[in-house]
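Me: Hi! I have a new structure open and would like to talk it through. Can you help me read it?

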Amino acid sequence: GEEKWPRGDQKTWTSSMRNVFTETSDVTKSIVNHVQTSLARAPYNLDDFGAYQAAALATRDNLIVNWNETQIHFTRKQPKRAYYLSLEFLMGRTLSNALLNLGIQPQTEQSLSSLGFSIEDVLVQERDAALGNGGLGRLAACYLDSSATQELPVWGYGLRYKYGIFMQLIKEEDGSQLEAPDPWLEHQNPWELPRLDVVYEVRFYGSSERLNDGSGRAVWSGGQEVLAVAYDVMIPGYGTRNTNNLRLWESKPKRGFDLQSFNAGDYEHAVEASNSAAAITSVLYPNDHTTFGKELRLKQQYFWTAASLADMMRRFKNMDKPINEFAEYNAIQLNDTHPTLAIVELMRMLVDEEDVPWSQAWTIVTNTFFFTNHTVLPEALEKWPVPLMQHLLPRHLQIIFDIVRRFFLSVEKKFPGDVARLARMSLIEEGFPQQIRMANLAVVASRKVNGVAELHSELVRKNLFPDFVEFFGKSKFSNVTNGVTPRRWLDQCNPALSQLITDTLKLPRDVWLKDLYKLEGLLQHVDDPKLQKSWAAVKRQNKERLAHFVEQMFGLKVDASAMFDVQIKRLHEYKRQTLNILGVIYRYLLLKNMTPEERKKVNKKVVFFAGKAAPGYYVAKLTIRLIVNVSRVINADPDTNQYLSLFFLPDYSVSLAEVLIPAADISQQISTAGTEASGTSNMKFCLSGGLLLGTVDGANIEIAEEVGEDNVFFFGHLTPDVDKLRYEHTYHPVPVEQKCPELAKVLDAVSSNIFGGNGVYEPLLNTVRQGDYYILTDDFDSYIRAVEMVDEAYQDQTEWIKKSIRTTAKMGKFSSDRAIQDYAQEYWNIESSRVSE
Ligand code: NBY
């Protein structure tokens, strides 16, 4: 029905209200206005950074209008909502994405140009928002983009870290990694809205008293109370007004001072209490794939899940629905086990605060949560010591034990007397101390559990949770293959290719960017020499951009006619950067042994690495050091440096990836089979027409299914062989010299210090010589042969370009739009709803 205008004269209001500015003149006015007012600056001293700030503020005004409309729209409509709980959102830069999604990129470019600025120079002024480690955090960012684009009522919830992932420096003296803080909030952040009025209290420590009135309720009191303050990050959809919300929490002390301590004259203690509250959201933990059991990390997890759930509950209660319908209106996706405490917290809220009987509460909880696993590496499975949980969250530990007791009864009923099974399935691992297995808790309490690529989801069922599959049935465990947003990872980072695709498909860009399967239309033009030529020219142009970038950084010439071979990801033994660098050394030694005539026939290659190592991961840091020092030797060798050069680009980031990916002829995706859950950069490279050199692992397999095996370069042992090989390594070890003489020579070359180091690399080399957990000795020969195949294929440029076009053409499946639709339909049961123009 008609709504009454809430205040004042409706005409006065509405005639002054604005929509998104789409006229260049309005954009210009807005930018200049922000220069004059918000920035208090004048045209005389405005630099590129000032222009960035003003353009960002002008763009932000548009976002705010749409964001507000969207929030009002969904508040009125009261649909079921989905929440993506992730401790990491690796957003990268925002301005260029916001301009693309708002559809005002050309106008803003024009406007900046008439004000005397080039948009390229302005865009690179922005600092990355790097609130994540790697694939898991970037996936969350892609999913937010797709949710908004598809007009789905999805919010993200995370933490507003004061320091994102550390800045990586490479020490001049020895080539090793140094870590420096990333003070990304040093300048004001225009992309967030502080909501100082959205605040919750979060309790830690204290004690929990059961009421013993038969209700199962308890009262948790005392301890420390901390405030969670909301900061809202606007997430615009592409080609829609829908602008979703990412709510990040900041911790702050409940009182500036603890007055009691203050009165007692203990000033230091009073200030300490406030420090410890602020510490909760001060820094992103820089570990991927290892858990450290640190109290502050557990505090982060609880602080974030408690604030997020309180916020969801408040929103739900505003709808005036019975509490039993909570799961009809809310779906919560757990991004790995990091938010598993949300399960326990919702039980606590329902039982202790809403007075819901346990079994009803459990029904609500098990209909609300969904759990995504991102790794099968055993060292990455989160466990928390029971004594720590008891100390920090006494009520939650009681609830966990209550869940355990009831779950035990149900398992015992189905498999009477099977003690071994109970021990395997328990949420508590026995030992000193006992530990809580967060993954088991997440599985028991979730409606669905998924892996992130077909093979990985199969391993989740067969290796991680076989007992749970038997107990709950197969249908609870399924797959959602990851995806990436084609807006950022094609249109924004590779505009020339995007334009060529639009021209070739004869479709408007916004059609194929929202329905990526449309790329298949490229297939009918694969044999068109004109397209082939333009396709090659685009790649060349992107390579020159990267070459220029690297020349500036290193002061060395980079040959853009050479093949560009790229491996960029977190440093980890399972990802096998070591295999790659040993392969590079092998190639270098071959080149050294050739006559100048022989060298001329070799495929010229430039190898790029980038990636960070966890600060405490010794072997990964040694790998970086080796790569850097090998590069210094190779690049300085006049015999070979025309044919082979090598660069380790420091401080890998989303924005660096945006330069590297479009420039790659080939990317290396060479994890030990069965270890890389999915990989997502593999998809990004293929989208930009970079071919894939990889193992039969993760999403590589599905990429090959799409593009055809003759368009990828596969090598190495398959997943079922890996365990057998590891067994052999342990019980029937064969020396490298015998097993893989070519590899042995490479290892010896490093040992002989031709790349310096004075023996420092021995621990790294020994991971291969002894144990060889990641089966480099078994895969090396096959790897070298695959690299030779790549070299050979590259000689036939026409064939290569055709493979490249075919690869891009078949990337439709890997749009995060498809992935998010899978979640929305098969898991969350939520519907799109468009905010009207
Ligand atoms: O998630 C990655 C997987 O390795 C990759 O194969 C997959 O494509 C991607 C998206 O599904 N996992 C990942 O990035 N994990 C982390 O970054 C991470 C971070 C923190 C912790 C564990 C893993 N932690 O325990 O603190």
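**Getting started**

Reply: Happy to! Of the 837 residues in the chain, 49% are buried, where buried means that 20 or more other C-beta atoms, placed from the backbone, lie within 10 Å of the residue's own.

Me: What should I know about the model and the numbering?

Reply: This is a predicted model, in which local features need pLDDT of at least 70, side-chain atom pairs count only at pLDDT 80 or more, and totals for chains, interfaces and linings use all residues. Residues are numbered from 1 along each chain as its sequence is written.

Me: How many helices and strands are in the chain?

Reply: There are 36 helices and 24 strands. Helices (H or I, at least four residues) and strands (E, at least two) are DSSP runs, numbered from the N terminus. The radius of gyration, taken over C-alpha atoms, is 28 Å, close to the 28 Å that the globule rule gives for 837 residues, so the chain is as compact as a globular protein of that length. That rule is 2.2 Å times the number of residues to the power 0.38.

Me: Which domains is the chain divided into?

Reply: Domain 1 covers 23–77 + 94–127, domain 2 covers 78–93 + 128–482 + 822–828, and domain 3 covers 526–814. These bounds come from an automatic or database domain assignment.

Me: How many residues of domain 1 are in contact with domain 2?

Reply: 22 residues of domain 1 are in contact with 19 residues of domain 2, with contact meaning C-beta atoms, placed from the backbone, within 7 Å. On the domain 1 side, the elements giving two or more residues are α3 (48–77) and α4 (95–102). The largest share, twelve residues, comes from α3.

Me: New topic: which residues are closest to the ligand?

Reply: Gly 135, Leu 136, Asp 288, Ala 677 and Ser 678 are the closest of the 22 residues that surround the ligand. A residue counts as near if its C-beta atom, placed from the backbone, lies within 6 Å.

Me: And where does the ligand lie?

Reply: Domain 2 and domain 3 both give residues to the shell around the ligand, so the ligand lies between them.

Me: Last one: is helix α17 buried or exposed?

Reply: Eight of the eight residues of α17 (residues 438–445) are buried, so this helix is largely enclosed by the rest of the structure. Among them are Met 438, Asn 440 and Leu 441.

Definitions and conventions:
Buried ≥ 20, exposed ≤ 12 C-beta atoms within 10 Å, placed from the backbone. Contact = placed C-beta atoms within 7 Å.
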